Amino acid sequence: MKELHSFGWYAAKLKPDLPKKAFNPVPERLWGGLAYLLVTVAALMTIGIVDVNPFFYIPLSLIIGACFAALGFLGHEILHGTVVRTPWLRDFLGAVAFWPLSTGPKLWRKWHNLTHHVHTQHEEHDPDAWPTLDRIMKIRLLRWVYRLPHPVRAFFSFCSLSFQFSVHSLNMFVVYLKEFNPKKRPAVFMEAILPWVTWIALLVWVGPVKWIFMFLIPLLIANLIVMAYISTNHRLNPTTEINDPLANSLTVTVPKWVDVLHFNFSYHTEHHLFPGVSSKYYPLVKQLIKERWPERYHEMRFDKALTALWLTPRPYYNKELVDPNNGNSFGTLGHGLDPDNIKSSISEKMYNTETLVSLMTEGKKQEHAKDQ
Ligand SMILES: [Zn+2]
Ligand SMILES: [Zn+2]
């Protein structure tokens, strides 16, 4: 097995090969944000002013949804401090960019920058890591869900991408609010509430039909776009004790024009090595990684990564992905998962079935003890 290294270890090795200017903020990224903002406002106003059969609003809803998602990608960059450095301006611009997804900048920085980036794919400490099998087995609802056949679960889990970001963001608000200094909590609370106040005010103003096309459908589309990327970022990789981005992250490849529209969000391994460097430089970081550690680096076509996600179960068990429904186990990237030939390992199957039964029984017992 390859020895794991922290993201700092890789970054220190590559830093001398990057130009100095790569470590400066790139405020020109805001022009893209302005363009998305103008298109969004124009489309919202068109739906608001023009009264036609709502069917004709659908293309505009799709455009607004795509803009919401792209603004989210820009918000991610802004809040890493790679666009502007002044803290209040960074938070203000980040708040505007994340307004459609209704995630406040202080919450995002705590959840994403300070927790996900620091503890990536750690079984307990990464709030975005998919749970391990024994954690899943302790939750009654999930035990039931994982009894369903895999294709049914895959179908519903792909449908859920259209709301997963919003739901997870609300959950993170509940989890992290109490961890903020009491003096900061009102600000965190306001940042979470204000976007919703405006969206609900819009509902009162334009009525439910137009609101569905101006906000609800775009929000589902935006969730789907950002979650399609986010679900490929780490979920095919193993959980890792050491935060090694080459082991625990995946870069997906998309056509160049998609990278332009999405601010290079596809370069996720590069992003975990240099979260403080503008994504403008990630193609160069990628080239440097591939020169030094080609055998460690994982990249995959976006559609292939999504197909692999559909075909594999999610719960982690050691370095594998295991299906509690039938005990089938699959490798993870770097541990036997071949995206061109996804198949379960039969030799592991019996072993896992026995383990599953004991985990289920243990989970039930623990839950029962807690109830009493
Ligand atoms: Zn990540
Ligand atoms: Zn990030």
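α2 and α11 are roughly antiparallel to each other, because angles over 145 degrees count as roughly antiparallel. This is a predicted model, in which local features need pLDDT of at least 70, side-chain atom pairs count only at pLDDT 80 or more, and totals for chains, interfaces and linings use all residues. Residues are numbered from 1 along each chain as its sequence is written, while chains are lettered from A and ligands numbered from 1 in the order in which they are written.

**Exercise 1.** Describe how α2 packs on α11, and name the residues that meet.

*Solution.* 
- Start with the axes, which are lines fitted to C-alpha atoms, for helices over the stretch in contact; angles run from 0 to 180 degrees between N-to-C directions.
- For α2 and α11 the angle is about 170°, and the axes are 10 Å apart.
- Now look for contacts, meaning C-beta atoms, placed from the backbone, within 7 Å.
- L44, I47 and G48 in α2 meet K210, F213 and M214 in α11.

**Exercise 2.** Work out how α3 is placed against α11.

*Solution.* 
- The two axes come within 7 Å and cross at roughly 50°.
- That makes α3 oblique to α11, since oblique is what remains once angles under 35 degrees (roughly parallel), over 145 (roughly antiparallel) and 65 to 115 (roughly perpendicular) are set aside.
- On the α3 side, the residues that meet α11 include L60, F68 and G72; on the α11 side, they include F213, A222 and V226.

**Exercise 3.** Find the largest nonpolar core and the elements that build it.

*Solution.* 
- A nonpolar core is a set of buried Ala, Val, Leu, Ile, Met, Phe, Trp, Tyr and Cys residues joined through C-beta atoms within 7 Å; buried means that 20 or more other C-beta atoms lie within 10 Å of the residue's own, with C-beta atoms placed from the backbone.
- The largest such core has 42 residues, and F68 and A222 have the most contacts inside it.
- Elements giving two or more residues include α2 (29-49), α3 (58-79) and α11 (208-234); these helices are DSSP runs (H or I, at least four residues), numbered from the N terminus.
- The largest share, eleven residues, comes from α3.
- Apart from this core lies another, of 16 residues, among them I136 and L321.
- Zoom in on A222: not counting residues up to four places away in sequence, A222 touches G65, F68, A69, G72, P100 and L101.

**Exercise 4.** Compare a UniProt annotation with the model.

*Solution.* 
- The unreviewed UniProt entry lists residues 56-76 among its "transmembrane region" features; such annotations may be inferred rather than shown by experiment.
- Over residues 56-76 the chain is 90% helix and 0% strand, with end C-alpha atoms 32 Å apart.

Terms used. Buried ≥ 20, exposed ≤ 12 C-beta atoms within 10 Å, placed from the backbone. Contact = placed C-beta atoms within 7 Å.
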